[in-house]
Amino acid sequence: MDLLKNKILSEGVVLSDNVLKVDKFLNHQIDPELMVEIGKEFHSRFKDTEITKVLTLESSGIAPAVMTALNFNVPAVFARKRKSLTFTDDLLSAQVFSYTKQETNMISVSNQFIQPGDNILIIDDFLANGEAAGALTNIVEQAKANVSGIGIVIEKSFQSGAAILKEKNYRVESLARIESLSNHTVTFSGGNE
Ligand code: 5GP
């Protein structure tokens, strides 16, 4: 997706050989026009598939997930990282090791919002080692629903997540695939043109 790749090249900051900061348009400040286009792009890639809900993880997955759900005319649900006084339903939970925070968190979704037989499109902002996406697939499977696909805004293809998810036969569609962040430079799979 050229619009996204250009945004990464112009506004992304390479923090290390492994970490890209995109808080000008995705992780802190959000570019709504880019999110609209991301929603359309995920819709065009998955429109041949039955989708009844979009599932993501708070907080950075919410904007692309909502725009995608709008195109499919289905609800978006986000897994929550913290318990709150109002979050008392029967919960589907899974552990996720956060790559950027280097800590393990429990993520949870009320079983009201994912029902047996639902066809779930999982959306997330980044794919690194596949922990977050793996935990979301675990929650979908606990609910006896189906994973229709996994849509990733930015895949770091040099980390293990994409290979792990594809080995498990999930369909993964990534809008930008980064081959390397070496030398403080973003190099996309297939080149930067
Ligand atoms: P994974 O669970 O696949 O190891 O990592 C994906 C999660 O970690 C994403 O939900 C994202 O929040 C965070 N993450 C992983 N790598 C990066 C990165 O390079 N930059 C940013 N901003 N977040 C990342």
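Colleague: At roughly what angle do the axes of helix 2 and helix 3 cross?
Modeller: This is a predicted model. Helix 2 covers residues 32-46 and helix 3 covers residues 62-72. Their axes come within 8 Å, and the crossing angle is roughly 55°.

Colleague: Which class does that angle put helix 2 in, relative to helix 3?
Modeller: Roughly parallel needs an angle under 35 degrees, and roughly perpendicular runs from 65 to 115. The axes cross at roughly 55°. Therefore helix 2 is, relative to helix 3, oblique.

Colleague: Is the crossing left-handed or right-handed, and what is the make-up of the contact?
Modeller: Helix 2 passes helix 3 in a right-handed crossing. Helix 2 contributes M35, V36, I38, G39, K40, F42, H43 and F46, while helix 3 brings A63, P64, M67, T68, N71 and F72. By type, the contact residues are one charged, four polar and nine nonpolar.

Colleague: Where is the cis peptide bond that involves S59, and what is its omega?
Modeller: Most peptide bonds are trans. S59 sits in the loop between strand 3 (53-57) and helix 3. The bond from E58 to S59 is cis, with omega near -5°.

Colleague: What is the phi of N73?
Modeller: Most residues other than glycine have a negative phi. N73 lies in the loop between helix 3 and strand 4 (76-79). N73 is not a glycine, yet its phi is positive, at about 60°.

Colleague: Which ring has K5 over its face?
Modeller: A search of the whole structure gives zero aromatic pairs. K5 lies 5.3 Å from a ring centre, over the face of F188.

Definitions and conventions. Residues are numbered from 1 along each chain as its sequence is written. This is a predicted model: local features need pLDDT of at least 70, side-chain atom pairs count only at pLDDT 80 or more; totals for chains, interfaces and linings use all residues. Side-chain values use heavy atoms; hydrogens and water are left out. Rings of Phe, Tyr and Trp (its six-membered ring) pair if their centres lie within 6.5 Å; planes under 30 degrees apart count as stacked, over 60 as edge-to-face and the rest as tilted. A charge sits over a ring if NZ of Lys or CZ of Arg is within 6 Å of the ring centre and within 35 degrees of the ring normal. Axes are lines fitted to C-alpha atoms, for helices over the stretch in contact, and angles run from 0 to 180 degrees between N-to-C directions. Helices (H or I, at least four residues) and strands (E, at least two) are DSSP runs, numbered from the N terminus. Angles under 35 degrees count as roughly parallel, over 145 as roughly antiparallel, 65 to 115 as roughly perpendicular and the rest as oblique. A crossing is left-handed if the near helix is turned anticlockwise from the far one by less than a right angle, and right-handed if clockwise. Contact means heavy atoms within 4.5 Å. Ala, Val, Leu, Ile, Met, Phe, Trp, Tyr, Cys and Pro count as nonpolar, Asp, Glu, Lys and Arg as charged, and the others, Gly among them, as polar.
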